[in-house]
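My notes follow the order in which I checked each item.

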Amino acid sequence: MEYAISRTLNCDFDTAYERLAQSLKNEGFGILTELNLHEIFQEKLSKSFKKYKVIGACNPQLAYDGIIKENDLGLILPCKLAVQYISETETRIAAIDSLVLFKFINNPALNCVRDDIRTKVELAIKFA
């Protein structure tokens, strides 16, 4: 089963990150966290790794709508996305598919929130 929504952009890593950040903003998401795995791996493990960022993004309205229906939903928030270096002219952007992520919660009251998150994240990936 696929668990990610992804796309490869024909641009450098920094441009891809900026395009994704703006596209997320257009869909009502703000970036709350950012992990530069390539820097963390170098600092903590002395290992080189390609440029790779993990982003935690949140749409406050959707987070609120979900948490009032499922108190522990905060455990899987914020939405996770990644920006991955492929080459100087290609960068992959990806997001966890909320259809997969919410499946294990098994709360039908979250279906609309899950679907709204998926739609907005999918649009952010598509238009980045």
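I began with the second largest cavity, which holds about 50 Å³ of space in this predicted model. I listed its lining as F29, A57, C58, N59, L62, A63, L77, P78, C79 and I117. Strand 3 (52-58) and helix 3 (60-67) each contribute at least two residues to this lining.

I then turned to the largest cavity, for which I noted a volume of about 80 Å³. I recorded I76, L77, C79, I96, S98, L101, F102, I117 and V121 as the residues that line the largest cavity. Here helix 4 (98-101) and helix 5 (111-127) are each the source of at least two lining residues. The class count for the largest cavity gave me eight nonpolar residues, one polar and none charged.

How many cavities of 30 Å³ or more does the whole structure have? My search of the whole structure returned two.

Next I checked the cysteines. I counted zero disulfides. C58 takes part in no disulfide, and I found the nearest cysteine sulfur, that of C79, 7.1 Å away. The cut-off for a disulfide is a pair of cysteine sulfur atoms within 2.5 Å.

Technical notes. Residues are numbered from 1 along each chain as its sequence is written. This is a predicted model: local features need pLDDT of at least 70, side-chain atom pairs count only at pLDDT 80 or more; totals for chains, interfaces and linings use all residues. Side-chain values use heavy atoms; hydrogens and water are left out. On a 1 Å grid over the protein atoms alone, a cavity is a set of points where a 1.4 Å probe fits but cannot get out, and a pocket is an open set with protein on both sides within 12 Å along at least five of seven lines; lining residues have an atom within 4 Å of a point. Grid points are joined across faces, edges and corners, and a volume is the space filled by probe spheres set on the points. Helices (H or I, at least four residues) and strands (E, at least two) are DSSP runs, numbered from the N terminus. Ala, Val, Leu, Ile, Met, Phe, Trp, Tyr, Cys and Pro count as nonpolar, Asp, Glu, Lys and Arg as charged, and the others, Gly among them, as polar.
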